[in-house]
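This briefing is meant to be read with the sequence and the 3D view open side by side. It takes up the sheet, then a helix, and then the aromatic pairs.

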Amino acid sequence: MEKELHDAWIKDLGGNEFTSQGYSYYPTLNEVKETLHSIEAWNAPEKRDANLLILPSTCYLLPEPLGTILVVGAWNYPLSLSVPYVAAAIAAGNTCMLKMSEMSAATSNVVAKLFKKYMDQDAFVCVEG
């Protein structure tokens, strides 16, 4: 998988494996890891002050999913400007649709293959071009 992503980056944007790792793969991986690390804190109920009229009571703010999220990927950093936002949408409990740029066709193709292989196609979709 990593090799395919590097080859796609080089085909779409030029450069070499070092730039692919430094500007795309590892920053994306770190953001997704941070999202996984933060899921519990983001989805935890937040205690709020109760109104005097309803005392004695306890109030909480409960995070809820918004629905379906559309993430539109950019051509210049196709992996790092799309995948972390998909991860955040999933962490929030939403379904997600990722639309990759037609300008980065090779990376779009690899990401679409990974979506089909690892994601539930009823909840998460990757559209190429």
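The strands form an open sheet of three, in the order 3-4-5 and with parallel pairing. The model is a predicted one, and the points below are grouped by topic.

**The sheet**

- Strand 3 and strand 5 (124-127) are the edge strands, each of them pairing on one side only.
- From one strand to the next, the twist averages 15°.
- Strand 3 runs parallel to strand 4 (residues 95-99), and the two are joined by five bridges; V71 has L98 in strand 4 as its bridge partner.
- Strand 4 also runs parallel to strand 5, with four bridges joining them, and here the bridge partner of L98 is C126 in strand 5.
- In general, the strands of a sheet pair through backbone hydrogen bonds, and the pairing is either parallel or antiparallel.

**I69 in strand 3**

- I69 has its place in strand 3, and its relative accessible area of 24% makes it partly exposed.
- Leaving aside neighbours within four places in sequence, I69 is in contact with A89, N94, T95, C96 and M97.
- I69 and G93 are 24 residues apart along the chain, and their C-alpha atoms are separated by 10 Å.

**Helix 1**

- Helix 1 (residues 2-13) consists of twelve residues and reaches 16 Å from its first C-alpha to its last, which is close to the 16 Å expected at 1.5 Å a residue.
- The buried residues of this helix are L5, H6, A8, W9 and D12; seen down the axis of helix 1, they fall within an arc of 160°, so they line one face of the helix.
- Those buried residues pack against helix 2 (17-43) and helix 4 (105-118), while K3 and K11, on the other side of helix 1, are exposed.
- After helix 1 comes G14, whose phi is positive, near 80°.

**Aromatic pairs**

- A pair of aromatic rings is described by the distance of the centres and the angle of the planes.
- A search of the whole structure finds two aromatic pairs; in one of them, W9 and Y77, the ring centres are 5.9 Å apart and the planes stand at 40°, so the pair is tilted.
- This pair links distant parts of the chain, since W9 lies in helix 1 and Y77 in the loop between strand 3 (68-72) and helix 3 (83-91), 68 residues apart.
- With a relative accessibility of 6%, W9 counts as buried, whereas Y77, at 31% relative accessibility, counts as partly exposed.
- Y25 and Y26 form an aromatic pair that is edge-to-face, with 5.1 Å centre to centre and 80° between the planes.
- Y25, at 11% relative accessibility, counts as buried, while Y26 has a relative accessible area of 37% and is partly exposed.

Conventions. Residues are numbered from 1 along each chain as its sequence is written. This is a predicted model: local features need pLDDT of at least 70, side-chain atom pairs count only at pLDDT 80 or more; totals for chains, interfaces and linings use all residues. Side-chain values use heavy atoms; hydrogens and water are left out. The expected span of a helix is 1.5 Å times one less than its number of residues. Buried means under 20% relative accessible area, exposed over 50%, partly exposed in between (1.4 Å probe, protein chains only). The arc is that of the directions from the helix axis to the C-beta atoms. Contact means heavy atoms within 4.5 Å. Rings of Phe, Tyr and Trp (its six-membered ring) pair if their centres lie within 6.5 Å; planes under 30 degrees apart count as stacked, over 60 as edge-to-face and the rest as tilted. Two strands pair if DSSP finds at least two bridges between them. Axes are lines fitted to C-alpha atoms, for helices over the stretch in contact, and angles run from 0 to 180 degrees between N-to-C directions.
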